[in-house]
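Work through the exercises below with the sequence and the structure at hand, trying each task before reading its solution.

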Amino acid sequence: MGLIIVLAAVVLAALLLLLWRHRRRPGLVLRNPRIGFLNLLGEEGERLVAEDRPALEPLFAAAVEGRDVPAPACDVLFVYADLGRDGNVFATEVGLRHLLRQSGARVLVVASENTSESCIVAAQEAGHSGANLILTLARNGAELPGLFVRLFQEMKQGTPMPAAYGELSPPGKIFLADAGDLVFA
């Protein structure tokens, strides 16, 4: 009888440990994520991609690049574009939600500088997209690629994106966590 109680206690402890570990898992794990760079700015965008891609590409399983819509298929999409007052890419009918659908990305970064008004409208348009969005008001010189290297490294170590972003607290960015606790594996 005593052995049965001990075995029941061990099984119960094992189940509680499994439940505890399961609760600590992030909401979404991207395995071998792919990064995409979508330049809709022309020559200025080429310069920005040339700054960002060498720093970020080594952190990902693959990298793709596009210079027009449709957006390349990827998990993390860096977009270089001017956002209009309506929240769409300037002089187009294409918004961030459309780019997310085309690419399948769970993280979208508008990596070129835009006004706060345009970013807010674009974020509202893309709301409830199931993706985490970061919109750039200020690149702060060459700081942007280093910021994302640190962010993505933290995510690879298991820190959920909102927590990792909060620790970095970068100025000049707007962050919306519609995909929630996203990590890379």
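The model is predicted, so local features need pLDDT of at least 70, side-chain atom pairs count only at pLDDT 80 or more, and totals for chains, interfaces and linings use all residues. Residues are numbered from 1 along each chain as its sequence is written, and side-chain values use heavy atoms, with hydrogens and water left out.

**Exercise 1.** Determine how the axes of helix H5 and helix H6 are placed to each other.

Solution. Begin with the axes, which are lines fitted to C-alpha atoms over the stretch in contact, with angles from 0 to 180 degrees between N-to-C directions. Those of H5 (residues 143-156) and H6 (residues 161-168) come within 9 Å and cross at roughly 140°. The two helices are therefore oblique to each other, a term for angles that are not under 35 degrees (roughly parallel), over 145 (roughly antiparallel) or 65 to 115 (roughly perpendicular).

**Exercise 2.** Find the order of the strands in the open sheet and those at its edges.

Solution. The order of the 6 strands is E3-E2-E4-E5-E6-E7, with mixed pairing. Strand E3 (62-66) and strand E7 (173-177) each have a single partner strand, so one side of each is left without a neighbour in the sheet. From one strand to the next, the twist averages 15°.

**Exercise 3.** Is aspartate 52 buried or exposed?

Solution. Locate aspartate 52 in helix H2 (residues 43-56). Its relative accessible area is 0%, so aspartate 52 is buried, which means under 20%, whereas exposed means over 50% (1.4 Å probe, protein chains only).

Note on methods
Helix = DSSP H or I, 4+ residues; strand = E, 2+ residues; numbered from the N terminus. Pairing = 2+ DSSP bridges.
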